[in-house]
Amino acid sequence: MILVNTDYITGKNLETIGLVQGSTIQSKNVGRDITQGFKTLVGGELKAYTDMMNEARRLATQRMIEDAQAQGADAIVNVRYTSASVMQGAAEVLAYGTAVRFL
């Protein structure tokens, strides 16, 4: 599956299928949340949260690809990501784009 953040793929004629998306909500355990809270006192990267968000993007992307494959797509154009805090220590990541077929 080809994923691009542009509205075209060089050298390909595209037929639009429609919107596809994938999402997940991830959280860290309370113990990890507390240790990351202490880290904010001295500054620096919150590695546990970086890892959590990387995993959330990977999972959301995989779910978006599965949605596109179920619709018979060859690629997804205009891929975008968004995230939102759902509650303390939990975030939703949404991956979305336009599924297309090659002509």
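The model is predicted, so local features need pLDDT of at least 70, side-chain atom pairs count only at pLDDT 80 or more, and totals for chains, interfaces and linings use all residues. Residues are numbered from 1 along each chain as its sequence is written, and side-chain values use heavy atoms, with hydrogens and water left out.

Start with the sheet. It is open, with 4 strands in the order β1-β3-β4-β2, and the pairing is mixed. The edge strands are β1 (2-3) and β2, each pairing on one side only. Strands here are DSSP E runs of at least two residues; helices are H or I runs of at least four, and both are numbered from the N terminus. Two strands pair if DSSP finds at least two bridges between them.

Now β2 and β4. β4 covers residues 90-102, runs antiparallel to β2, and is joined to β2 by 13 bridges.

Take Thr 16. Thr 16 sits in β2, residues 14-27, opposite Val 100 in β4. Beyond four places in sequence, Thr 16 contacts Thr 98, Ala 99 and Val 100; contact means heavy atoms within 4.5 Å. Thr 16 and Ala 99 are 83 residues apart in sequence, yet 6.3 Å apart in space, C-alpha to C-alpha.

Is Thr 16 buried or exposed? Exposed, because its relative accessible area is 56%. The cut-offs: buried is under 20%, exposed over 50%, partly exposed in between, with a 1.4 Å probe and protein chains only.

Next, Val 86, in β3, residues 75-87. Val 86 is partly exposed, at 46% relative accessible area.

Last, helix α2, residues 47-70. α2 lies across β1, β2, β3 and β4, at about 145° to β2. Axes are lines fitted to C-alpha atoms, for helices over the stretch in contact; angles run from 0 to 180 degrees between N-to-C directions.
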